[in-house]
Amino acid sequence: MPPLADPGAAGKVGAGARERFGETVDNAGKAIVAIAGAGVFFFGVGYFVEWQKFKRGGLPPDEILPLISQARIAAAGVRELAVSIFFGVLVIAVLGWGGARIARWAARRPDSHSRFRRLLAGGLGHEAVVPSLSFGGLILLFVPLDWAGVIVTVVLTLLLYYSLRLIAAYLGQVAEDGGTPFPLWRLVIAAGLAAVVLSGARQREFPEVRPHALVILDDGREFPGSYVTSDSSSVLIRFRKEGREHPQLLILKREDVEQVLLEKDPYVFPTEESLFGRIFNVEFACILPECRAGDSEVGVSSLL
């Protein structure tokens, strides 16, 4: 029976993670480094996510991003990573629990005449291979069939395999000597990389459409556009002038704007079909946990 299928595996992993986390919190220097690293990571991901949005919207991100507050950029990173990290942890938990239950069932009667059970026990004996390949196959079935979908499938499958192997190695060493530290930070880095890949691919395939805006100036003039962002001193509006191919960015002074009326844009960016969509002849594709069904988006981050 593989270490991940041990009945006490979950308790050992939980105890090891708590002990490792406690060591970091008790050390002021390590805690400060961890907090600073998390802040830089969230800001970097937020910058990358916002860059993707502006690029898909036809605006120059390198010129607009310096105009946006750092707090807003970091908030975008937190929003995207919260969805991806939660989904990643959920996947590892579900696959780990399911794989352990199946492995125990398959190894319960090693002398069984069931050929299927023997093959299943042998496959699960390789610990992380079967859950990782199963997860990779499931991802490939639903991602858009383009380079972004392939990258998501390969990277997430390898990171899941790496994470499960780390946990299995830890459980095996604990059973032998009992003094092995839990690989908490390597797992955190793996989860962070998975979250970045998910967030980047999701924004490329299903970018957030800027809401329609009707800008009313204090002199009574009004014009339509797309809302970009605003702060205490300025309002940024994406505006397409008639006869021009590319949109323009208008930077309006806050005191010159009487009102901005916003309306959600129903437009959804087109994307490649998934393998599932081609088989069943439906318009459906996912960059988990976000999906596109026909002309609408369905997912956690779409609701936030």
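The structure is a predicted model, in which local features need pLDDT of at least 70 and side-chain atom pairs count only at pLDDT 80 or more, while totals for chains, interfaces and linings use all residues. Residues are numbered from 1 along each chain as its sequence is written, and side-chain values use heavy atoms, with hydrogens and water left out.

**Overall architecture**

- The secondary structure of the chain comprises 10 helices and eight strands, taken as DSSP runs (helices: H or I, at least four residues; strands: E, at least two) and numbered from the N terminus.
- Of the 304 residues, 38% count as buried; the term buried stands for under 20% relative accessible area, exposed for over 50%, and partly exposed for values in between (1.4 Å probe, protein chains only).
- Where two residues in contact (heavy atoms within 4.5 Å) are at least 6 apart in sequence, 63% of such contacts join residues at least 24 apart.

**Buried positions and their contacts**

- Lys53 belongs to helix α2, which covers residues 28–56, and counts as buried because its relative accessibility is 8%.
- Beyond residues up to four places away in sequence, Lys53 touches Arg79, Gln203, Glu208 and Arg210.
- Lys53 and Pro207 are separated by 154 residues in sequence, yet their C-alpha atoms are 6.0 Å apart.
- Thr229, in strand β2 (residues 222–230), is buried because its relative accessible area is 5%.
- With neighbours within four places in sequence set aside, Thr229 is in contact with Ile68, Arg72, Val235 and Leu236.

**Charged groups**

- Side chains of opposite charge can pair when their charged atoms come close.
- A search of the whole structure finds one salt bridge, defined as a side-chain nitrogen of Lys or Arg within 4 Å of a carboxyl oxygen of Asp or Glu.
- The side chains of Arg221 and Asp219 meet in a salt bridge, with an N to O distance of 2.8 Å.
- Arg221 is exposed because its relative accessibility is 55%, whereas Asp219, at 46%, is partly exposed.
- Asp218, Glu255, Asp256 and Glu258 form a patch of negative charge on the surface.
- Patches consist of residues with over 30% relative accessible area and no salt bridge, like charges being joined within 9 Å and nonpolar side chains (Val, Leu, Ile, Met, Phe, Trp, Tyr) within 5 Å.
- For charge, Lys and Arg count as positive and Asp and Glu as negative, with His and the chain ends not counted; the place of a charge is NZ of Lys, CZ of Arg, CG of Asp or CD of Glu.
- Within the negative patch, Glu258 lies in strand β5 (residues 257–263) and counts as exposed because its relative accessibility is 56%.

**Nonpolar surface and a loop residue**

- Leu140, Leu145, Leu275, Ile279, Phe280 and Val282 make a nonpolar surface patch of about 500 Å², to which α9 gives the most, with three residues.
- Leu140, located in helix α6 (residues 129–142), is partly exposed because its relative accessible area is 36%.
- Asn281 occupies the loop between α9 (275–280) and β6 (284–287) and is exposed because its relative accessible area is 71%.
- The phi angle of Asn281 is near 55°, a positive value in a residue other than glycine.

Note on methods
Accessible areas come from the Shrake-Rupley method with a 1.4 Å probe; for residues, only the protein chains shown count as cover.
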